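Please look at the model first.

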Amino acid sequence: MPRRIYLALFSNGPRPTHWSIFIPTLSSTGQRGKIIHVTGTTATGFFLEFKRNYDFATEDRKYHIIPLADVEERFVADTVGDGKLSCDTTARDRLESVATVVKPPGPSREPFGKDARNCQHWMMEYVQRLVDEGFVAECAVEVLADAPRRF
């Protein structure tokens, strides 16, 4: 059975929009699940993080959720645990494992320059890797190409 994954976009003020992958937990109403993303800054660099039991009902920032692709259910694991939000860097399913091999952007020589690499660059590389390895269809790359860079 296919499982829908989403591109979650978070407003970041005057800076570029923060991009992440959101995968709803099967037992949720679609507002709770996990986030796969890199977090950090262009000045200090980024690191991979998995947010488990993330709940959009508690989100204060402006956000958009865009359907990205369908994946086979066997490639996604729901790690609910005690149901509380947790963050870690340990891959627990195939989609997370692919994320661990895509290098997050390091510190930029010009952190405020237009060429500074950020979470959007990482997401494009990650989704392309998912396409290359056959986890998602090529149309996922098109979704990223059309996604807002700022809002």
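## Terms and basis

Buried means under 20% relative accessible area, exposed over 50%, and partly exposed in between (1.4 Å probe, protein chains only). This is a predicted model: local features need pLDDT of at least 70, side-chain atom pairs count only at pLDDT 80 or more, and totals for chains, interfaces and linings use all residues. Residues are numbered from 1 along each chain as its sequence is written, and side-chain values use heavy atoms, without hydrogens and water.

## Aromatic pairs

The structure holds nine aromatic pairs (ring centres of Phe, Tyr or the six-membered ring of Trp within 6.5 Å; planes under 30 degrees apart are stacked, over 60 edge-to-face, the rest tilted). One of them is Y6 with F22, a tilted pair at 6.4 Å centre to centre and 40° between the planes. Y6 lies in strand β1 (residues 2-10) and F22 in strand β2 (residues 18-24), so the pair ties together parts 16 residues apart in sequence. Strands are DSSP runs of E, at least two residues; helices are runs of H or I, at least four. F22 counts as buried at 1% relative accessibility. Y6 is partly exposed, at 21%.

F10 and Y54 pair edge-to-face, because their centres are 6.3 Å apart and their planes stand at 85°. F10 sits in strand β1 and Y54 in strand β4 (residues 45-55), 44 residues apart. Both F10 and Y54 are buried.

Y6, F10, F22, Y54, F56 and Y63 form one aromatic cluster.

## Around E138

Where does E138 lie? E138 is in the loop between α2 (119-132) and α3 (139-146). E138 is partly exposed, with a relative accessible area of 44%.
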